[in-house]
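Please read it beside the model.

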Amino acid sequence: MTRASVFGGFLAAGLGALAGPASAQSVDVVHYWTSKSESRTINILADAYKAKGGRWIDSAVANFDEAVAVANSRIAGGTPPSAILMNPGSTLDEMTEAGYMRDLGDIAEREGWSKVVPPFVLEKMTSNDQIVAVPLGLHGANWLWYSKKIFEEAKVAPPRTWPEFLEVADKIKAAGYVPLAVGGENWQINYIMSSILSGLGGPDFYQKLYVEHDPAAAASPVVAEGFETLRKLQAYVDEGSVGRSWNETTGLLVTDRAAMQFIGDYVKGEFSAAGKVAGTDYGCVLAPGTEGMYQVYTDLMTITAVDDPDVVKGQDLLVAAVLDPTVEVDMSRSKGSTPGRSDVVSEGLDPCARLGSESLAGARKVFSGPYETLSSDQMGQVTDLVGQFWTDRSMTAEDAATRFAAIFP
Amino acid sequence: MTRSKAPARGLSDMPESGFRPDLVAIGFFLVVALVFYGSLLWTGYLSLTNSRLIPSYEIVGFDQFARLVATPRWRTACVNLVILGAFGIAGSLALGTLLAILLDRDVRAEGLLRSIFLHPLALSLVITGLAWRWLLDPVTGIQSVLRGLGWSSFHLDWLADPDTAIYALVVASIWRSSGLVMIIMLAGLRGVDTDIWKAIRLEGIPLWRAYAQIVLPSLKLTIASCIILLMADVVRSYDLVIALTKGGPGFSTDLPAKFAVDHFFGRANIGLASAASVVILGFVASLLVPYLLIQRKGRA
């Protein structure tokens, strides 16, 4: 046996293993749900898919950006995944426009999705007039989480406006606690900035600035006022904030060292992992001034355009698995989100989840969160600016506001 | 034609195994040409387009470069590259040379010390960055330890201050690279002719002058090699930044490579990221200048 033939044998064996036995229905899912509660949630879906007789190929990637990059490389390379976990927004729109996504319109019509999926969610599943995705769940963005213990000790109530927030923070500081838990990563600072601008400007301003990208709104005095408020918040932050991740930051609330944090409701996973109960150990209110609105991020399972009829069958089965009412409820329980179907019963919700689902049912105006309404490039520029403003204390609110306006031409 | 002759001679010289070094070389050449130069040209092309998430081929001229220059974050990144390059290289070179000289004075346990000083180089940059992040963290690191021991006024919060955070990177990179410089310089010092040392002793020249004016100047080429190696380290120090500061606070410790990667993958802005990459290519090309100078000198 020559060396070449040995090598050839190995090569053939390797290729054989790669091709594998052709299963009737399989689905190759690119996703980024890798934290504890996230992987638990994606496994609920995977198990349901397997129970329906399909084969689940898990292509987990560390974070959202990389997942999108991997998926796009695979599409460009001619081996597209069957489905990608994504959020609606400019990235998905670009991919749909390029013909990368599959139009699920016929299934939607056949199964009457418009009757079971609320219009807001259906709109998020739609890109370039095509339905290209099914909803996994919805997360609220404009939340303020607080430690009940510290609030009781400092004898304060959750603030309802930004001036009130500053008063409350002063009292908490006087009681010897860190008023505001924030990790000094730019996106975390920008998360607060979005809440400030939403709270100071109200729903109409949010619509104009974040949804319509109106230059007049971006140049309005609200923005400068927002930066001034953000500057004031720096007095309430602890020394170790620089570069701290959001979940390490939540640890300050879990251990009752810091009083408040602005973050999405996925934070509940961190609290529950530490054995803390919503309404007893920690409380939730909408961010100061944002009582009238609920900002939402929608997790979508987007379906790619493929030619292979076997893969298409696998995708059909995945769509059915995601929309299965039991799976929808189980997934949102596991992840602390609200189900994407309006006809499923979700009993035993905690007070925070109840507020979220009431909002979606029409209690207040529902918007997409800033990360979905701004393009990732625009959001990146805003994040850079806010991060720079936070670290460079010599930058005035007026300067920052001028540069903010320049991002919205 | 030499081209047609080459394979024939290769066949006659080679034993029966059929091993063809010329074919291997051609394969290598093709891979380099396609993968390396191909990507390079494509990136250059994309930098002139308005590509966003998906490459577009609509030429917009130098718009992306104009936006790049106008972006404060990019300017900070370039300044940081210069700071990291200048202080990092100078520091590693000085410390490494000093260590090499000390080791060269016949210290005891030279082998052990050499391993200790060289060890940081064997660590992954991510681990280096993480270790220094923990050490310099004001809440959990050196500052809190010394304050806990009673030195309550001790202050070390480089990472928290946007003006000093880049110097934390400098320190970490000096810590990492000094060992490499030491080992190369030590090899150089060992190669110095014993006659020169005899002459130095005969003349009664003080030790520091002997090194500063006679020995080190004769090691010019060795020093230049160190500088080139260190420069390559600086340009690719992406992982060190990610582990140590993630570019923060704000974007005060951003580097051009991180800027490009963020815009390629995070911001879905292939056009701007390509423009950044082209500028980085310019930086890398400028690394070749000292190398070419040495070569020319070597030939002369």
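Helices here are DSSP runs of H or I with at least four residues, numbered from the N terminus. The model is predicted.

**Helix α9 of chain A**

By that count, α9(A) is followed by G176(A), whose phi is positive, near 90°. The helix itself runs over residues 162-174. Its 13 residues should span 18 Å at 1.5 Å a residue, and the end C-alpha atoms are 19 Å apart, which agrees.

Which residues of α9(A) are buried? They are W162(A), F165(A), L166(A), V168(A), A169(A) and I172(A). These cover an arc of only 165° around the axis, so they sit on the same side of α9(A). P163(A) and A174(A) are exposed on the other side. The cover over the buried residues includes β7, α8, β8, α10, α12 and β9 of chain A.

Most residues other than glycine have a negative phi. N128(A) has a positive phi, near 50°. N128(A) lies in the loop between β4 and β5 of chain A, and is partly exposed at 36% relative accessibility. K155(A) is not a glycine either, and its phi is positive at about 55°. K155(A) is in the loop between α8 and α9 of chain A. At a relative accessible area of 72%, K155(A) is exposed.

**A buried strand residue**

T298(A) belongs to strand β11 of chain A, residues 293-303. T298(A) is buried, with a relative accessible area of 0%. Beyond four places in sequence, its contacts include M86(A), F120(A), L138(A) and E372(A).

**Salt bridges**

Side chains of opposite charge can pair when their charged atoms come close. The count over all chains is 23 salt bridges. Four of them are listed here.

| Pair | N to O distance |
|---|---|
| D377(A) and R67(B) | 3.0 Å |
| K50(A) and D47(A) | 3.9 Å |
| D324(A) and K52(A) | 3.3 Å |
| R190(B) and E110(B) | 3.1 Å |

K50(A) and D47(A) both lie in helix α2 of chain A, 3 residues apart, about one turn. K50(A) is partly exposed at 46%, and D47(A) is partly exposed at 48%.

D324(A) and K52(A) form a salt bridge. D324(A) is in the loop between α15 and α16, and K52(A) in the loop between α2 and β2, so the pair ties together parts 272 residues apart in sequence. D324(A) is buried at 19%, while K52(A) is partly exposed at 36%.

In chain B, R190(B) and E110(B) form a salt bridge. This pair links distant parts of the chain: R190(B) is in helix α8 and E110(B) in helix α5 of chain B, 80 residues apart. R190(B) is partly exposed at 41%, whereas E110(B) is buried at 15%. Shared partners join D384(A), R73(B), D254(B), K258(B), D262(B) and R267(B) into one network of salt bridges.

**Between the chains**

How many residues of each chain are in contact? Chain A has 27 in contact with 24 of chain B. The area buried between them is about 2100 Å², with 52% from carbon and sulfur atoms. There are 6 salt bridges between chain A and chain B, and 9 residue pairs in polar contact. On chain A, α3, α4 and α19 each supply at least two residues of the side that touches chain B. α19(A) gives the most, with 8 residues.

Methods
Residues are numbered from 1 along each chain as its sequence is written. Chains are lettered from A and ligands numbered from 1 in the order in which they are written. This is a predicted model: local features need pLDDT of at least 70, side-chain atom pairs count only at pLDDT 80 or more; totals for chains, interfaces and linings use all residues. Side-chain values use heavy atoms; hydrogens and water are left out. Buried means under 20% relative accessible area, exposed over 50%, partly exposed in between (1.4 Å probe, protein chains only). Contact means heavy atoms within 4.5 Å. The expected span of a helix is 1.5 Å times one less than its number of residues. The arc is that of the directions from the helix axis to the C-beta atoms. Buried area is the accessible area (1.4 Å probe) that two parts lose on being put together, summed over both. A salt bridge is a side-chain nitrogen of Lys or Arg within 4 Å of a carboxyl oxygen of Asp or Glu. A polar contact is a pair of N or O atoms within 3.5 Å; within protein, one must be able to donate a hydrogen and the other to accept it, and residues adjacent in sequence count only if both atoms are side-chain atoms.
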